[in-house]
Every structure is written in structure tokens, then in C-alpha cells.
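Here's a quick briefing on the salt bridges in this model. Have the structure open while you read.

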Amino acid sequence: MTDATGGAKGPDELRRQIERTRSELGNTVQELAGKADVKGRALARAADLRDKAGAMTVQLRSTAAQAGHTVHDKATHAGPRPVRNVVQAGMRHPGPVLVASAAGAVVAVGVMRWRHAHGHR
């Protein structure tokens, strides 16, 4: 208990007030030390940003996978029957499709070079 002037009313009360003040002072010092630790706060913030970036990467990959499945479904179920059959065959056997594409590219380059050499533009 304290008297009317705010002082301790005995040695035991004075000891309790000193201990309470020491505890409050210790807490204040810890808070100030935490605020002064710029490097520690920066490392914590960087770790937080890494976690958020990782979560965003997972979300983007999931969205891209869903979009790929949607496009795949639309490509295999859209268009006239012959086109659908060709697309499905190309997906089952990509080797011939790649060979045909490469041959077409070679022919296109040959035609372009021939036209350039003979003045046709």
C-alpha cells in the first residue's frame, strides 16, 4: 500500500514497487532492442516474402495446369470430326507430326531463298 503522496508505506511495499519497475523497465528495453535490430527485422521480412512468393508460385502453377486441361479438352472436342481425329492422332503419335512440321519448314525456307535469289519478293 502507498500513502497519499504515492510513496511506499513500508519496506515490503517499496521492494514490490522496485521489482515491478524493474520488470517494466526490462520489457521496455526488450521492445527497444527489437526495434533497433534492423537486420533481424529485414531477415524476418525477407522470409515472409519468400513464403508468400512460394505460395503464389503454387497457385499460378495450379491455374496454368487447369487452363492447359481446359484448352486440351476444347481442342479434342471442338471442330469437325476429321479435325478432331487428326488432333487426337497427333497427340498419340507426336513423332510424325514433328517430322512433317520440320519438312514443311525446310520447304518454306527453300522457297523463300529461291524467291530472294531470283528477285521475287
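Arg16 and Glu13 sit together in helix H1, three residues apart, which is about one turn of the helix. Helices here are DSSP runs (H or I, at least four residues), numbered from the N terminus. Before going further, note that this is a predicted model: local features need pLDDT of at least 70, side-chain atom pairs count only at pLDDT 80 or more, and totals for chains, interfaces and linings use all residues. Residues are numbered from 1 along each chain as its sequence is written, and side-chain values use heavy atoms, with hydrogens and water left out.

**The count**
- A salt bridge here means a side-chain nitrogen of Lys or Arg within 4 Å of a carboxyl oxygen of Asp or Glu.
- That rule gives four salt bridges.

**Helix H1 (residues 11-36)**
- The side chains of Arg16 and Glu13 pair up in a salt bridge, at 3.1 Å from N to O.
- Glu13 is buried at 12% relative accessible area, while Arg16 is partly exposed at 47%; the cut-offs are under 20% for buried, over 50% for exposed and partly exposed in between (1.4 Å probe, protein chains only).
- Arg15 bridges to Asp12, with the closest N and O atoms 3.2 Å apart.
- Those two, Arg15 and Asp12, are also three residues apart, about one turn of the helix.
- Arg15 is exposed, with 54% relative accessible area.

**Helix H2 (residues 38-77)**
- Lys52 and Asp48 form a salt bridge, their closest N and O atoms being 3.7 Å apart.
- About one helical turn separates Lys52 from Asp48, because they are four residues apart in helix H2.
- Shared partners link Arg45, Asp48 and Lys52 into one salt-bridge network.
- Asp48 is partly exposed, at 30% relative accessibility.
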